[in-house]
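Dear colleague,

I am passing on to you the model that we spoke about. Please look at it first, and then read the notes below, which go through what was found in it.

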Amino acid sequence: MADQEQDRLLDHDYDGIREYDNPMPRWWLWIFYATIVFVPVYYLLPGSMGAGPGMVAEYEAEVAAYEASRPAAGDGGASGEALLALASDPTALANGKSLYDMNCAVCHRADGGGLIGPNLTDDAWLHGSAPTAIHATIANGVLEKGMPPWDRLLKPEQVNAVTAYVISLRGTNPPAPKAPEGVVETPAPPGS
Ligand code: HEC
């Protein structure tokens, strides 16, 4: 039967060129039809092409997850209350002090009296003295003035701890401090 089918000459004649009608083998055709039938079934299967987020949505979800995993810009990362609570937590303060000694003392002096960076113990502030404002300055830095953005170098909880330590420095009156810079903010925000 196969030979019979293969040898069937078609009617037409192109400038003397004739052609045989060679149909695809039946087994091949059945697989082909089966794939056509399978397409809508597959498309509707949960988790396949029809369902679930597309490429763009998946990309956006990944970006959003990444953004959520890094410390937020601005004053995010910790609430004012949480920072004030840390400022009276001895473990956080000790942790913050060692981070401060390692990273900040070069510019702000070991006692916070100020050197290249401003005095952190007085009532005058360039970028605000509310806990969240101090946190934001430390996290985002003031690059053009030489204050590094510490959220690139420290973990979020380390930024919180060193913020708590800076909050605790206020009013410690170290000897020979740097002259006040910025706006005098009195009274100090509660707890700072
Ligand atoms: C390379 C020097 C340098 C280092 C290191 C540094 N700072 Fe600063 N910091 C500055 C300068 C300069 C400013 C002033 C920015 C301005 O003029 O706007 C500043 C400002 C600040 C302010 C804002 C003060 C205000 O008056 O509003 C805080 C808070 C602060 N730094 C905390 C820290 C902490 C905490 C660290 C360590 C994790 C640190 N700094 C490390 C240079 C530094």
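In these notes a residue is near a molecule or strand if one of its heavy atoms lies within 4 Å of it. Of the 22 residues around the ligand, those that come nearest are Cys104, Cys107, His108, His127 and Met147.

Before going further, please keep in mind that this is a predicted model, in which local features need pLDDT of at least 70 and side-chain atom pairs count only at pLDDT 80 or more, while totals for chains, interfaces and linings use all residues. Residues are numbered from 1 along each chain as its sequence is written, and side-chain values use heavy atoms, with hydrogens and water left out.

The overall fold

Helices (H or I, at least four residues) and strands (E, at least two) are DSSP runs, numbered from the N terminus. On that basis the chain has eight helices and two strands, and reading along the sequence gives the pattern α-α-α-α-α-α-β-α-α-β. Taking buried as under 20% relative accessible area, exposed as over 50% and partly exposed as in between (1.4 Å probe, protein chains only), 29% of the 192 residues of the chain count as buried.

The ligand and its surroundings

A side-chain N or O atom of His108 is 2.7 Å from a nitrogen atom of the ligand, and a side-chain N or O atom of His127 is 2.6 Å from an oxygen atom of the ligand. With Leu126 it is a backbone N or O atom that lies 2.8 Å from a ligand oxygen atom.

Cys104 counts as buried because its relative accessibility is 14%, whereas Cys107, at 25%, counts as partly exposed. The structure holds zero disulfides (a disulfide being a pair of cysteine sulfur atoms within 2.5 Å).

The largest pocket

A pocket is here an open set of points, on a 1 Å grid over the protein atoms alone, where a 1.4 Å probe fits, with protein on both sides within 12 Å along at least five of seven lines, and lining residues have an atom within 4 Å of a point. The largest pocket is lined by 29 residues, and His108, Gly117, Pro118, Thr137 and Met147 lie nearest its centre. Among the elements that each supply at least two residues of this lining are helix H5 (90-103), helix H7 (131-140) and helix H8 (156-169).

Individual residues

Val159 is found in helix H8 and is buried, since its relative accessible area is 2%. Val159 and His135 are 24 residues apart in sequence, yet their C-alpha atoms are 7.2 Å apart in space.

Leu120, in the loop between H6 and E1, is also buried, with a relative accessible area of 11%; 53 residues separate Leu120 from Asn173 in sequence, and the C-alpha to C-alpha distance is 9.9 Å.

Most residues other than glycine have a negative phi. Arg109, which has its place in the loop between H6 and E1, has a positive phi near 75°. Ala176, in the loop between H8 and strand E2 (183-184), likewise has a positive phi, near 45°, and Ala176 counts as exposed because its relative accessible area is 63%.

With best wishes

Note on methods: A polar contact is a pair of N or O atoms within 3.5 Å; within protein, one must be able to donate a hydrogen and the other to accept it, and residues adjacent in sequence count only if both atoms are side-chain atoms.
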